[in-house]
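The following note sets out points for a colleague examining the model shown below. Each point may be checked against the coordinates.

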Amino acid sequence: MMTNFSEPRDTISHAADQTHARMGLALVRLTIGAMFVWVFFENRGKGLYKASNYASLINNYIEHGQAPAVWKSVMALAASHASMAAPLQGLTEISLGVLLVLGLFTRPVALVAFAFLASLWVSEWGTSWIWELLVPVLASLALAIGGAGRMWGVDSFLARRQPTSLWW
């Protein structure tokens with residue numbers, strides 16, 4: 001009689017690989033979340049959530065950046081409504097950061113982070129190093145795809161009740 005010992009080993013190896021992948025995604029989630037929290041307090045300290053400073057920064061991107069014209073018109077709209085856009089950006093940054101650190105509703109939050117960071121990346125074309133935001137943009141997309149809140153996050157508790165939910 002022939003025994004196949006590779007089958008259990010492959011199953012164990014696959015489970016270990018999944019655990020390591022989850023840990024890796026959780027570390028990325030915590031890093032991106034911490035980045036958002038840090039940026040919120042850094043921008044707050046610089047006064048960038050005040051309408052005049054916010055508008056000045058956005059107008060600088062419009063004047064010196066290489067974003068597409070249609071995107072520059074979106075930025076001009078934000079600059080002209082800086083009294084609303086500046087605090088909204090601050091609220092977005094701190095909310096994304098806290099929710100990612102907690103691992104709560106990670107998939108939709110990471111998807112919003114992906115879109116938000118992508119918009120900032122396009123806004124900064126020609127004014128910053130191209131990779132500065134591209135890496136966090138793509139990392140946020142990976143968090144949304146991988147359900148990174150299921151390891152070391154509140155989503156792990158929620159997933160016990162509804163394991164197939166796309167919210168976590």
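1. Secondary structure. The protein chain contains 7 helices and 0 strands, where helices (H or I, at least four residues) and strands (E, at least two) are DSSP runs numbered from the N terminus. Read from the N terminus, the order of elements is α-α-α-α-α-α-α. The radius of gyration of the protein chain is 20 Å, well over the 15 Å given by the globule rule for 168 residues, so the chain is more spread out than a compact globule. The radius is taken over C-alpha atoms, and the globule rule is 2.2 Å times the number of residues to the power 0.38.

2. Basis of the values. The model is predicted: local features need pLDDT of at least 70 and side-chain atom pairs count only at pLDDT 80 or more, whereas totals for chains, interfaces and linings use all residues. Residues are numbered from 1 along each chain as its sequence is written, and side-chain values use heavy atoms, with hydrogens and water left out.

3. Overall dimensions and contacts. The C-alpha trace of the protein chain spans about 80 × 30 × 25 Å along its principal axes. Of the contacts (heavy atoms within 4.5 Å) with a separation of 6 or more, 70% are accounted for by residues 24 or more positions apart.

4. Surface and burial. The accessible surface of the protein chain comes to about 10,300 Å², and 68% of that belongs to carbon and sulfur atoms; the areas come from the Shrake-Rupley method with a 1.4 Å probe, and for residues only the protein chains shown count as cover. Buried residues make up 36% of the 168 residues. Buried means under 20% relative accessible area, exposed over 50%, and partly exposed in between (1.4 Å probe, protein chains only).

5. Charge. There are 11 positive and 9 negative side chains in the protein chain, and the centres of the two sets lie 9 Å apart. Lys and Arg count as positive and Asp and Glu as negative, while His and the chain ends are not counted; the place of a charge is NZ of Lys, CZ of Arg, CG of Asp or CD of Glu.

6. S123. This residue is found in helix α5 (residues 106-123) and is buried, with a relative accessible area of 8%. The side chains of S123 and W71 make a polar contact at 2.7 Å. Such a contact is a pair of N or O atoms within 3.5 Å; within protein, one must be able to donate a hydrogen and the other to accept it, and residues adjacent in sequence count only if both atoms are side-chain atoms. Leaving aside neighbours within four places in sequence, S123 is in contact with Y61, W71 and M75.

7. Helix α4. S83 is placed in helix α4 (residues 82-102) and counts as exposed at 57% relative accessibility. Its C-alpha atom is separated by 8.1 Å from that of S52, 31 residues apart along the chain. T92 also lies in helix α4, and is partly exposed, with a relative accessible area of 21%. T92 and F40, 52 residues apart in sequence, are 9.0 Å apart in space, C-alpha to C-alpha.

8. Backbone angles to inspect. Most residues other than glycine have a negative phi. F105, in the loop between α4 and α5, has a positive phi near 55° and is partly exposed at 33% relative accessibility. W152, in the loop between α6 (131-146) and α7 (154-161), has a positive phi near 60° and is partly exposed at 47%.
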